[in-house]
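This briefing goes through one protein chain by topic, from overall composition to individual residues. Please keep the structure in view while reading the points below.

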Amino acid sequence: MEENDELHTKKKNKKDVIRLERESVIPILKPKLIMNLANLIELSSDRAEFLKFCKRVEYTIRAWYLLQFEDLMQLYALFDPVYGAKKLEQQNLSPDEVDVLEQNFLTYLFQVMEKSNFKIVSDDEIDVAHSGQYLLNLPIVVDESKLDKKLLKKYFEDHPHDHLPEFADKYVIFRRGIGIDRTSDLFVMEKVDMLIGRLWAWILRKTRLEGILSKKRSRTNSLKVDESSTEGEQDDLFVERVRLENMDLSLRNLLGKVSIQEPTFDRIIVVYRRASKVKPDRGVYVKHFKNIPMADMEIVLPEKKNPGLTPMDWVKFLISAVVGLVAVVGSVEMPKADMFVIFAILSTVVGYCAKTYFTFQANMAAYQNLITQSMYDKQLDSGIGTLLHLCDDVIQQEVKEVIIAFFILMEQGKASLQDLDIRCEELIKEEFGEDCNFDVDDAVLKLEKLGIVSRDTIGRYYCVGLKRANEIIGTTTEELVLKAKQGVNPQ
């Protein structure tokens, strides 16, 4: 399945459902994975060998990536927004040399992102994410004049990517993992807003002004599908959006607490550089967020403008006043002016204007709360802390892939690449209750690099025994250090 088909929405019985492709991330903690698999091994001697095997695999894979990660950290030290400028001055590098170094840094960074199973958010994914509202109900716009447009543009010219968002020359948003966020509250202002909005929509339909005041979306999202196109996609995940806009009108819903839910991006990383008018600013910002609702993705955008009433809101104000004035004048000029009708018209117009203003004030307060929350609760780290987390995450994912693939071959025998993929996914589902699109190609590649897996004459993969696998990998430096600390002579 192409990357462009990863995210879809569909309507089913007035429900807003998002279709998501399963990701390659193994959402199981490594210690839990190792212990559960070890407990499935019958002989205690084999369990001990398996635990030794897991440690040696991790130590070896960590050594593979050590030099690459060191280069990444050394390069970022030159482009750290806080201390990088001083270190660049000490290097006495020419602008062209600095340009080369910053492109090398981005190359390493994007490689680590790919290994960590992060994907660049595309325009279509953003359109689908923003097709609904959750807790943030204000139009958030990035102040592009404050963002550099050369760094990322140069990188993507040298390293083309498919389905890049239109803002990719200014900032890049990486996402990984899917979750669900649920919120229960009275939502008093939101319900009032919904009721007035529905009343206003009814009036517009009756007066045939709906086409004038409503935004027309001419762009069709290629990710939106109908129900018939979802057949044969049992491997995908379907998550329902529960929103106030689609809530049934009932006293229970209007007067009591209601629950809304929105799918979330489990992890989001934003990369950008600020624009500089006087002295060139070489700092590269890398910010890491967690559990961001898809519809509220704007809270992670860099250099946001302060939100205000949109031009459409002011147009609605003006047209509402004109419509109300025309209706009142028309009613007064009638031979028998109905004061109740005049009062109803004025009340509706004034109510709609009040609704727009107070809704904006409520949304502004909610926006401030969300921004504060994103700073203290949602932001995991930034800069060097994010890079360290990414490097460790790469190692953890690689280790888990190797352990699972080797365990399946060890316990279930020879398998083709496709069978091995299916068996690994079934193991993850049956033993841990998690769905995962297992990256079998990468796992087999590492097993072959370790020298503990081979193929027979018909292309099926098979592994060596546990003891032999440990002998092939050999004693690692970490094991020698541990033995030295314990006062044990290395074998």
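In the protein chain, residues 24 or more positions apart account for 77% of the contacts with a separation of 6 or more, where contact means heavy atoms within 4.5 Å. The model is predicted, so that local features need pLDDT of at least 70 and side-chain atom pairs count only at pLDDT 80 or more, while totals for chains, interfaces and linings use all residues. Residues are numbered from 1 along each chain as its sequence is written, and side-chain values use heavy atoms, with hydrogens and water left out.

**Overall composition**

- The protein chain contains 16 helices and 10 strands, these being DSSP runs numbered from the N terminus (helices H or I, at least four residues; strands E, at least two).
- Of the 491 residues in the protein chain, 45% are buried; buried means under 20% relative accessible area, exposed means over 50%, and partly exposed lies in between (1.4 Å probe, protein chains only).
- The accessible surface of the protein chain comes to about 26,800 Å², and 53% of this area belongs to carbon and sulfur atoms; accessible areas come from the Shrake-Rupley method with a 1.4 Å probe, and for residues only the protein chains shown count as cover.

**Salt bridges**

- The structure holds 23 salt bridges, each defined as a side-chain nitrogen of Lys or Arg within 4 Å of a carboxyl oxygen of Asp or Glu.
- One of them joins the side chains of Glu-398 and Lys-446 at 3.2 Å, N to O, and this pair links distant parts of the chain, with Glu-398 in helix H12 (residues 384–412) and Lys-446 in helix H14 (residues 440–450), 48 residues apart.
- Both partners are buried by the relative-accessibility criterion, because the value is 2% for Glu-398 and 5% for Lys-446.
- Another salt bridge is formed by the side chains of Asp-456 and Lys-414 at 3.7 Å, N to O; Asp-456 lies in the loop between strand S9 (453–455) and strand S10 (461–463), and Lys-414 in the loop between H12 and helix H13 (417–432), so the pair ties together parts that are 42 residues apart in sequence.
- In this pair, Asp-456 counts as buried at 15% relative accessibility, whereas Lys-414 counts as partly exposed at 40%.
- The side chains of Asp-435 and Lys-429 also meet in a salt bridge, at 3.5 Å, N to O, with Asp-435 partly exposed at 36% relative accessibility and Lys-429 partly exposed at 42%.
- Salt bridges that share partners join Lys-115, Glu-398, Glu-401, Asp-442 and Lys-446 into one network.

**Helix H2 and its surroundings**

- The axes of helix H2 (residues 44–79) and helix H16 (residues 477–486) come within 9 Å and cross at roughly 115 degrees; axes are lines fitted to C-alpha atoms, for helices over the stretch in contact, and angles run from 0 to 180 degrees between N-to-C directions.
- Lys-52, Arg-56 and Tyr-59 in H2 meet Glu-478, Glu-479 and Leu-482 in H16, and by class this contact has two nonpolar, no polar and four charged residues.
- For these classes, Ala, Val, Leu, Ile, Met, Phe, Trp, Tyr, Cys and Pro count as nonpolar, Asp, Glu, Lys and Arg as charged, and the others, Gly among them, as polar.
- Thr-60, which lies in helix H2, counts as buried at 15% relative accessibility and, leaving aside its neighbours within four places in sequence, is in contact with Leu-450, Ile-473 and Thr-476.

**Contacts of Glu-448**

- Glu-448 is found in helix H14 and is partly exposed, with a relative accessible area of 35%.
- Not counting residues up to four places away in sequence, Glu-448 touches Val-453, Arg-455 and Tyr-461; Glu-448 and Tyr-461 are 13 residues apart in sequence and 9.9 Å apart in space, C-alpha to C-alpha.

**Backbone with positive phi**

- Most residues other than glycine have a negative phi.
- Asn-291, although not a glycine, has a positive phi of about 50 degrees; Asn-291 lies in strand S7 (residues 285–293) and is partly exposed, with a relative accessible area of 30%.
- Glu-303, also not a glycine, has a positive phi of about 50 degrees; Glu-303 is found in the loop between S7 and helix H10 (311–333) and counts as buried at 19% relative accessibility.
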